[in-house]
Amino acid sequence: MTNATMLTDRAVLRLSGEDVRGFLQGLVTNDVTGPLPVWTALLTPQGKALFDFLVWADGEDLLLDCGGEQADALAKRLTLYRLRRKIAIARDDSLAVHWAVDGSEGVPDPRLATLGQRWIAAPGAAAEGWLAHRLSLGVTEGVGELGSGETLWLECNARELNGVSFGKGCYVGQENTARMNYRSKVNRRLVVAPLTEAGDRTRATYPALGLMVEHRRVESLGDAIIPPWLADALATAPAD
């Protein structure tokens, strides 16, 4: 197995101090008091995604596996919520996020097992193929695809990809997220599609891969890649 496994577009934030799980539990969409890792997000009060990330345990500390370009902004936002709690929030450059399509190292990605194995360790050689693999499975992530305060969390396919707990306590943006789930009404989806001319609904383009990410209405998905996990969700959605 190759040692070139580091995802160079990811960063690790370390949360340490007083009851970090309780602190994060009251802010994010998923349950961080149980087994980790989980995929989760910090939302606007209206339920739109600001930051998405994976949460890992490291003893009593928590490690946030997040987009590298958003790491500082995420740390700043979490610091605003910290108030007087004795919690340190800082980038940990001694660690990096690693990925492999298969193998015995790491654990299956909590969003979708077919995404591959994922783990946190010391930095190493850069992995190849992650972006193409992720997009081939129709999975979107990061501010470049989800936007910042632009897309409702359930429109990011969070329910289907294990990014939200409907049984946990309150968190920022919970009311609208829970209402959408109760009504089983997700009118738009982030999808991956073959590259064409970008338009108003385009979020990201990847010319080298011939792919793009778009925010489309569910009745107008067109040529979008519809992986089994998304097909199942669309098939069970109630009709208007």
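Leu-50, Phe-51, Asp-52, Cys-66, Gly-67, Glu-69, Gln-70, Leu-74, Gly-142 and Val-143 line the largest cavity of the structure. The model is a predicted one, in which local features need pLDDT of at least 70 and side-chain atom pairs count only at pLDDT 80 or more, whereas totals for chains, interfaces and linings use all residues. Residues are numbered from 1 along each chain as its sequence is written, and side-chain values use heavy atoms, without hydrogens and water.

Rolling a probe the size of a water molecule over the atoms shows where empty space is left. A cavity is a set of points, on a 1 Å grid over the protein atoms alone, where a 1.4 Å probe fits but cannot get out; lining residues have an atom within 4 Å of a point. The structure holds 1 cavity of 30 Å³ or more. The space in the largest cavity is about 70 Å³, a volume being the space filled by probe spheres set on the points, which are joined across faces, edges and corners.

Strands are DSSP runs (E, at least two residues), numbered from the N terminus. At least two lining residues come from each of β3 (49–58) and β4 (61–67), and β3 gives the largest share, 3 residues.

Technical notes: On a 1 Å grid over the protein atoms alone, a cavity is a set of points where a 1.4 Å probe fits but cannot get out, and a pocket is an open set with protein on both sides within 12 Å along at least five of seven lines; lining residues have an atom within 4 Å of a point. Helices (H or I, at least four residues) and strands (E, at least two) are DSSP runs, numbered from the N terminus.
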